[in-house]
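Please open the structure in your viewer and keep the selection tool at hand. The stops below say what to select next and what is there.

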Amino acid sequence: MTLPSKPDESRWAEMPLMEQLANISSEVGRTFKWMTKGKTAFAESAFFRALDLIDLCIKYGRLGEPGRESLLKELCRFRDIYAEAVLDKDLEALKSLDKYCSHFARAYALHKS
């Protein structure tokens, strides 16, 4: 399997937090979708892409802003739960995580328009 290309770190660092979370949400949703359809290679690709984006959000999210410590705790915990759900092939847990993340995507879409 070929790993997805790494995201553009400098571009990511410039994105607002809500946009970062919306992008993570998209990959979590793709992981869930492909896992439910049994498309393992696509699911793995989305999984690794989501981990890359979460790691970048941990690195750059709210950098120099209040609330960064709380954000880091939440992102690290989410990363652990997400990885566990995918590795255990726990579709119910992944469905819940997808639902959780979809709120960020909707909030960003509303903010953007």
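The model is predicted, so local features need pLDDT of at least 70 and side-chain atom pairs count only at pLDDT 80 or more, while totals for chains, interfaces and linings use all residues. Residues are numbered from 1 along each chain as its sequence is written, and side-chain values use heavy atoms, with hydrogens and water left out.

Helix α2 covers residues 17–36 and helix α3 residues 40–60, and the two pack at an angle of about 160 degrees with their axes 8 Å apart. Because angles over 145 degrees count as roughly antiparallel, α2 is roughly antiparallel to α3. The axes are lines fitted to C-alpha atoms, for helices over the stretch in contact, and the angles run from 0 to 180 degrees between N-to-C directions. The helices themselves are DSSP runs (H or I, at least four residues), numbered from the N terminus.

Next, select the residues where these helices meet, including Leu17, Ile24, Val28 and Trp34 in α2 and Phe42, Phe47, Leu53 and Tyr60 in α3, contact here meaning heavy atoms within 4.5 Å. The residues of this contact divide into 15 nonpolar, three polar and three charged.

Now turn to the largest nonpolar core, where, of 27 residues, Trp12, Ile24, Val28, Cys57, Phe78, Tyr82 and Leu94 touch the most other members. Such a core is a set of buried Ala, Val, Leu, Ile, Met, Phe, Trp, Tyr and Cys residues joined through side-chain atoms within 4.5 Å. The elements that give two or more residues to this core are α2, α3, α4 (68–87) and α5 (91–112), and α3 gives the most, with nine residues.

From there, select serine 25 in helix α2, which counts as buried because its relative accessibility is 5%, the cut-offs being under 20% relative accessible area for buried, over 50% for exposed and in between for partly exposed (1.4 Å probe, protein chains only). Leaving aside neighbours within four places in sequence, serine 25 is in contact with Asp98, Cys101, Ser102 and Ala105.

Finish in the loops, with arginine 62 between α3 and α4 and lysine 89 between α4 and α5. Arginine 62 has a positive phi near 55 degrees without being a glycine, and at 32% relative accessibility arginine 62 counts as partly exposed. Lysine 89, also not a glycine, has a positive phi of about 55 degrees, and at 64% relative accessibility lysine 89 counts as exposed.

Key:
Angles under 35 degrees count as roughly parallel, over 145 as roughly antiparallel, 65 to 115 as roughly perpendicular and the rest as oblique. Ala, Val, Leu, Ile, Met, Phe, Trp, Tyr, Cys and Pro count as nonpolar, Asp, Glu, Lys and Arg as charged, and the others, Gly among them, as polar.
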